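Here is a friendly walk through some terms and the residues they apply to. Have the sequence and the model open as you read.

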Amino acid sequence: MYDFIILSNLIILLGNFIFNPCNFFMTLARDIMSKKVVSIETTVSATEVAKLMDRNNVSCVVLTQNEKPYGIITERDLLSKITALNKKPSDLSAKEIMSSPVTLVHSYAPVDEVAQQMLAHKIRRVVVIDGEQPIGIITVTDFVKHLNAILTNSESYRKDLYDNLFEEYDHWNY
């Protein structure tokens, strides 16, 4: 019975590869995510979150409740919900300034689906999970790095860059 299930899944996978080879080798969330995830329980103060972000040199902290992602606090949250409103960070809990619900994506999600979610929700970050545990963060910067890697590995991009370099060279003044 299990052999049949494995065999049928293999046939489906091979069929997808034959009819659409690009999907077989697609880039996944885990391939472009930043692996440094800093998380803390929702019960801490906003001051503690800011110190944690500074100490770890990160732009966001994932807030957890019962060890599951519950919300996120970004540098922008600290500015817009504390500094801009002239509030005292030590008087506010992390839960009061967090963005929730946090958008979660599975580590095996294709990056085009991740990008679509980010655009649909108008957000700059998503938390990558494996099971229920956060294992990474994808930011707009991660997409820029990914795009740069694609372009620099592209033969046509390198040819255009090379051709343009020589076109510019002809116009340089000494």
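Predicted model: local features only at pLDDT ≥ 70, side-chain atom pairs only at ≥ 80, totals over all residues.

Q: What makes two residues a contact here?
A: Contact means heavy atoms within 4.5 Å. Helices (DSSP runs of H or I, at least four residues) and strands (runs of E, at least two) are numbered from the N terminus. With those terms, what covers the buried residues of H4 includes strand E1 (39-41), E2, E3, H5 and H6.

Q: How many helices and strands does the protein chain have?
A: The protein chain has nine helices and six strands. Among its contacts with a separation of 6 or more, 53% are between residues 24 or more positions apart.

Q: Why is Ser107 called buried?
A: Buried means under 20% relative accessible area, exposed over 50%, and partly exposed in between (1.4 Å probe, protein chains only). Ser107 has 3% relative accessibility, so it counts as buried. Ser107 sits in the loop between strand E4 (104-106) and helix H7 (111-121). Not counting residues up to four places away in sequence, Ser107 touches Leu28, Ala29, Arg30, Val128, Ile129, Asp130 and Ile135.

Q: Is Val128 buried or exposed?
A: Val128 has a relative accessible area of 0%, so it is buried. Val128 belongs to strand E5 (residues 125-130). Leaving aside neighbours within four places in sequence, the contacts of Val128 include Ala29, Met33, Val105, His106 and Ser107. The C-alpha atoms of Val128 and Tyr108 are separated by 9.1 Å, with the two residues 20 apart along the chain.

Q: What share of the protein chain is buried?
A: Buried residues make up 30% of the 174 residues in the protein chain.

Q: Why are the buried residues of H4 placed on the same side of that helix?
A: The buried residues of H4 are Ala46, Val49, Leu52 and Met53. They cover an arc of only 120° around the axis, which puts them on the same side of H4. The arc is that of the directions from the helix axis to the C-beta atoms. On the other side of H4, Lys51, Asp54 and Arg55 are exposed. Just after H4, Asn57 takes a positive phi of about 55°.

Q: Which residues of helix H5 are buried?
A: In H5 (residues 75-83), Asp77, Leu78 and Ile82 are buried. They cover an arc of only 100° around the axis, so they lie on the same side of H5. Arg76, Leu79 and Thr83 are exposed on the other side of H5. The buried residues of H5 pack against helix H4 (46-56), strand E3 (68-74) and helix H6 (94-97).

Q: What makes a set of residues a nonpolar core?
A: A nonpolar core is a set of buried Ala, Val, Leu, Ile, Met, Phe, Trp, Tyr and Cys residues joined through side-chain atoms within 4.5 Å. The largest one has 17 residues, of which Ile40, Val49, Val61, Ile73 and Ile97 touch the most other members. H4, strand E2 (60-65), H5 and H6 each supply at least two residues of this core, and H4 gives the most, with four residues. In soluble globular proteins, nonpolar side chains tend to be buried together.

Q: Why is a space called a pocket rather than a cavity?
A: On a 1 Å grid over the protein atoms alone, a cavity is a set of points where a 1.4 Å probe fits but cannot get out, while a pocket is an open set with protein on both sides within 12 Å along at least five of seven lines; lining residues have an atom within 4 Å of a point. About 320 Å³ of space lies in the largest pocket, a volume being the space filled by probe spheres set on grid points joined across faces, edges and corners. Of the 14 residues that line the largest pocket, the closest to its centre are Thr74, Ser99, Ile123, Arg124 and Arg125. H5 supplies the largest share of this lining, three residues.

How values were computed: Residues numbered from 1 in each chain as written. Heavy atoms only, no water.
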